[in-house]
Structures are given as structure tokens and as C-alpha cells.
Amino acid sequence: MTTIVPLRPGDEAPESPFVPLAEASRYRSPRATIDPDQTKSWLVRAMPVVKAHRFILGTCVVGTFLALVLQVQIPKMLGRAIDVALDGRRGSLGHYVAIIVALAVGRWILNMISRYLLQITAFRLEYDLRHIMYEHLSRLSFSFYDRVQSGQLISRANSDIRSVQMYLAFAPTILAQCAVAVVAFAEMLTINVPLAIVAMSTMPIAFIVAVKMRERLFPMSWLIQSRLAEVATVVDENINGVRVVKAFAAEERQLKLLAAASRRTEWANAEDANIRARWSPAVENMPRLGQALVLLYGGWLAVHDHASVGTIVSFNAYVLLLQPPFRLLGQLMMMGQRAKASAGRIYEVLDEQPDVFDRPGAVDLVTAKGDVHFDGVDFAYPNGTQVLRGFDLRLRPGETVALVGRTGSGKSTVARLLGRSYDVTGGAVVVDGHDVRDLTLASLRHHVGMVADEPFLFSISIRDNLAYGRPDATDEDIVAAATAAGADGFIRALPEGYDTVVGERGYTLSGGQRQRISIARTLVLNPPILVLDDATSAIDVQVEQQIHEALRGLLAERTTLIIAHRLSTISLADRVAVVEDGRVIAEGTHAQLLAGEPRYAEILAQVEEEES
Ligand SMILES: Nc1ncnc2c1ncn2[C@@H]1O[C@H](COP(=O)(O)OP(=O)(O)O)[C@@H](O)[C@H]1O
Ligand SMILES: [Mg+2]
């Protein structure tokens, strides 16, 4: 019996007998997310994430600021101490030494605290950004993954998140350091106004030179990022495609590709180093110029008795103290540009909307009878490939129907539409009288068990792979499913049986073994609707025969769509539907079709030939 629990729009926690099987998550969700308003600037959009950490970040900024305020006092004290010493009043020198030591210790402690907190904030921001990104990625539809390159995505999830996180965490502290420059300048003004102006005169130049350098560096840093992503893509494909590469003895060609990508990265890095080499000395030597000016003008003042030696010494110290904030400001601007570019790339993913989602008021499919109706379905992939036109097929509860058609005729597409990997562009897929677009994705996918043509296994134990869809499955359930899929025998023969950890994507197993595990994994779910997409194509005919014996009983209880080439598999079906030109051109039992539909025999002959 089908029970549908209607949801009123706005219901907070729907009372539904459908219990999702996913494990309860134990991770801490990010406390905020990126502002979805695309008209806002990148920084404003990131603000909610930063604000979630405002207390700890605020403490860092205040700590840094106070530490620097203490530091700014040191040159003044130094100057006074020297003046006192030159005066010959030795007695009070110890007093200044004590003050300077106290200032240094205070600054040390404050620095220690704020640095620690700053690193913590940086990591928390990174954690949040990663989770926001991954949560979003997990919501995106198949159409998105059809389009993107995984190397690019991985690079976004790593280096781009890092550059945004660095900026968000460090910018406030750097700004606090710059604010200290203002405090220091005020201090200098109270000591000697003309000397303060001379001492500050090189700062704007230092700043402008630093900005000019960053302007040249910025396009390079952008280029480096994108070239690193290029390298990541080549490496990713080489590693994931290593079996194909080796099969075609194409290692050299792949190496050449990688070498080309690396060389482009090397060029960009060398160009970056070149710009730095030309500009950095100017930026770094600007303080020396400032010092020279202070000594020149301050010396003149001292000679004419307008300033004390202590004043000159403290101004000399100020000039050195003031340079880093100005340089940091230049660096901050570059970090800002880089973070902006990175944020742009991250937002590009975050702004991507899933095109298959639960519509408002979607209902849960609770217990499905398994009545499936493809009702005049039209479908084109988002890239424009029109696959189905007026596809009509009805599967009654408990019925097993085989789809037969040439390669590329759209059989796998039909399977994907049933599980709503994509939404139809016309007509409807109806399960138990409900358009699948009116059902929640989780409940639909829970009832439609899909065995794909290319099984993907995780690098975990076979037992965990089998229980993937139902983590609470008992060992008996798992063994029963494995037995039905003809997998129990070979699993027990493995060194560690069900506890054997399979290699990446299950490549330590044969194609047929992987397919059997993949079938068993879906059988553990015990779905009322089952789709087997070429699920036994890599399994030997004898083994397939055994699986069929076991499956026959299981299929009788559920609605099954079998996509098949082999006559042996087709014989499992009550009925055969022939797919051609995006629709069902004929339906009937195998015998009926052979007798009455010349195109059926033709297609069968062709697919069988392709397989052998
Ligand atoms: N993700 C996709 N994006 C765009 N086109 C696709 C995608 N998957 C399959 N196609 C195209 O759709 C058509 C039907 O594919 P498919 O359903 O896999 O055929 P079959 O399973 O019958 O061999 C083919 O022309 C194929 O190129
Ligand atoms: Mg296919």
C-alpha cells in the first residue's frame, strides 16, 4: 500500500513515517553561510561567515593593537633613557630599563595570545568555508557534475578556500597594525613636529612602490593559480585514468601533457620571481632612506641644539617600526585581490543552483507498490542532446520489464529519469500515481534501487560497501544479499572475507565481481522498485545463470526494469520493450516480438554482435 503524507507548505518538521536511512551526522555545521545575494561585493557576501567568529576575531584585533601600542612606547623610552644617560644622571637609568623590559614583556604576552587566537580563527574559517562548499556540492545535480572537471573543483576546494580564509582572518589584524602607524605618528608629533614629518616622508613612497609591485604581481598570482589547477586536472586524469593510459602505452604522451602544464606553471612562477626581484629591494630599502633622512635632518637639528640625541635615536627606531605596517598594507591589498578572484571562483560554485530538488510541499513516498509509468516522456540533456521523444512505458507492481535497444538509444537515460538524476523536459515519470517531481528526492531514491552499468565501490571493506545504503543492515541481511547476487562465494575466498578492504573504486576486484557487489549493495536496500542497468554485462554466463536463479525469486516481489543485451537476462523479464528513436516502438514477450517485430531481431543481433 502506498501511503503519502501531504505536507502543508511552511510545516517546520513534517511528521512522516518515512525514516531516512542516512546516518545522523555528527559534524558541527558551519554557523553561517555565504550571503546568496549576487549583487553584493564578495566581502559583504562573506561577512556572515566572519561575523560568526566575531568574538575571537575581535579579541585578536584588540590584542594585536594593544601589543603594538606598547611597542610604540619603546622608542620614546629609549630616547628618554639616552638623554638621561647623556645628562649624566645615571641614577634614574634603571627606571627606564625597567619600563622598557615591562613594555617588552607585555607586548610579548599580548602577541602570543593574539597570534594563537588568530591561527585558531583562521582554521575555524577554513573549516566553515570547506563545509559550506562541500554541503553545496553535495546538493548539486548530476548536470553540474557532467560539466565540471574534478581537478578544477578540487583546486577550488583547496587553494581558493585557503586564499579567502587567509584574507578574512588576517585582514582585520593587519588593519589594526596599520592603525598603530597612526598612533606612532601622533607620538612622534608630540616629540618633534618637523622631524616627524621628515621621518614620515618616505612612507607614502614605500607604500606606492609596494602597491606598484603588487599591481604587477597580481595578474601573475592569478595565472599561477589557474596553471596549478591545470596541473591538478592533468594529474587527476592521469591517476584516475591510469589503467587506460597504461593499456594504450600512452605514458609518454601523458607525461608530455604534464610537462607542458608544469612548464607553463614554471614560467608563471619565474615571471613572479622576476617581478619580485626587481621591486622588492626598492620596497625593502625604503626604511634605509627614511633613516638617512632622519639622521641628516635630525643631526642638523642636534648640532643646532633643536633636538636631543635621544630624540634622534627614538625617531630612528620609529622609522624602522613604521615600515612593516605600510608594507603589510601593500600585501593586504594583494591578498585582497587574490581573495577576490578566489571568492569569485568559489561563489561560481555556490551560486550554481541544483536543477533537481524537492519542490515546496513535496511529499514523502512511504511504502511504494511499485507502479511505474513513463508518460509521454521527452528528455534532452542540459547540453542539448535530445534523447527521448514521447517515451511511453508502464510497469505494473511486481512486473519485470526488459528494455532492449541499440547503444546510445537512451536506455540508461530512462533509468536515470526514474531515480530523478535528471528531470524530464516533457511528459512525466509517475510512481504510484505521483509525478516523481512531487516526491521528496530522499524518499524516492530510497524506494528506487539502482544498479548502474559502471559500479563505483568505495575504498572501504566489502561489508561496509554492501551496507552503504543501509548502515544498520545486519550481517544476515548482507550475506543474504551477497548470496543472491552470486558474490558470497568469491567474497569468502578473499583473504579477509567480508572485511577485505577493496582498492580505490574497487579496482582490486574484477569487473564482474564489482558488478556482483554492486547488485548486492542494492539488494541490501530491499527496494520495491529495482533498476538493473546492464548490471551483469561483465559477469560470465555461468555465474550469471546462478545469479538469475537467485534473482528470479527476488524480482517476483518487486517492480524491475532490466536493461539487457543477453538473451539469458531478457528471459528474466515478463515483457520486453524495444527502444528506438527515443521511444518504445514495440512491446511484448520475447517470443511475440521475435515473431511479429522484424526490428527487434535486428536490434538483438546488433547488440549481441557488439558484445561479443
Ligand atoms: N550526461 C550526459 N550528458 C549529455 N548527453 C548524454 C549524457 N549521458 C548520455 N548522453 C547521451 O544520451 C544518449 C543516450 O545515452 P544512454 O542513455 O547512455 O544510452 P544507452 O544506455 O541506451 O546506451 C547518447 O547519445 C549519449 O551520448
Ligand atoms: Mg547504457
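Colleague: Start with the ligand. Which residues come nearest to ligand 1?
Modeller: Tyr381, Thr385, Lys411, Ser412 and Thr413 come nearest, out of 13 residues around ligand 1. A residue is near if its C-beta atom, placed from the backbone, lies within 6 Å.

Colleague: Before we go on, what should I know about the model and the numbering?
Modeller: The model is predicted: local features need pLDDT of at least 70, side-chain atom pairs count only at pLDDT 80 or more, and totals for chains, interfaces and linings use all residues. Residues are numbered from 1 along each chain as its sequence is written, while chains are lettered from A and ligands numbered from 1 in the order in which they are written.

Colleague: Back to the shell. Which helix gives the most to it?
Modeller: Helix 11, residues 411–418, with three residues. Helices (H or I, at least four residues) and strands (E, at least two) are DSSP runs, numbered from the N terminus.

Colleague: How does the shell divide into nonpolar, polar and charged?
Modeller: Two residues are nonpolar, nine polar and two charged. Here Ala, Val, Leu, Ile, Met, Phe, Trp, Tyr, Cys and Pro count as nonpolar, Asp, Glu, Lys and Arg as charged, and the others, Gly among them, as polar.

Colleague: Which sheet does helix 11 pack on?
Modeller: An open one of four strands, in the order 4-3-6-7, with antiparallel pairing. Two strands pair if DSSP finds at least two bridges between them. Strand 4 (386–395) and strand 7 (434–435) are the edges, each pairing on one side only. Helix 11 touches strand 3, strand 4 and strand 6 (426–431). In contact means C-beta atoms, placed from the backbone, within 7 Å. The direction of helix 11 makes about 115 degrees with that of strand 3. Angles run from 0 to 180 degrees between N-to-C directions, and axes are lines fitted to C-alpha atoms, for helices over the stretch in contact.

Colleague: How many bridges join strand 3 to strand 4?
Modeller: Six, and the two strands run antiparallel. Phe374 has Leu393 of strand 4 as its bridge partner, and Ala380 stands opposite Gln386.

Colleague: New topic. What is the strand order in the sheet of six?
Modeller: That open sheet runs 8-9-10-5-11-12, with mixed pairing. Its edge strands are strand 8 (448–451) and strand 12 (583–588). From one strand to the next, the twist averages 20 degrees.

Colleague: What packs on it?
Modeller: Helix 16, residues 511–525, touching strand 8 and strand 9 (529–533). Its direction makes about 175 degrees with that of strand 8.

Colleague: And at what angle do helix 14 and helix 16 pack?
Modeller: About 130 degrees, with their axes 8 Å apart. That makes helix 14 oblique to helix 16. Angles under 35 degrees count as roughly parallel, over 145 as roughly antiparallel, 65 to 115 as roughly perpendicular and the rest as oblique.

Colleague: Which residues make the contact?
Modeller: Helix 14 uses Asp477, Ile478, Ala481, Ala482 and Ala484, and helix 16 uses Ala520, Leu523 and Val524. By class, seven are nonpolar, none polar and one charged.

Colleague: Last one: how do helix 7 and helix 9 cross?
Modeller: Helix 7 (residues 202–240) and helix 9 (residues 251–303) cross at roughly 165 degrees, and their axes come within 9 Å. That makes helix 7 roughly antiparallel to helix 9. Their contact has 24 nonpolar, eight polar and six charged residues.

Definitions and conventions:
Two residues are in contact if their C-beta atoms, placed from the backbone, lie within 7 Å.
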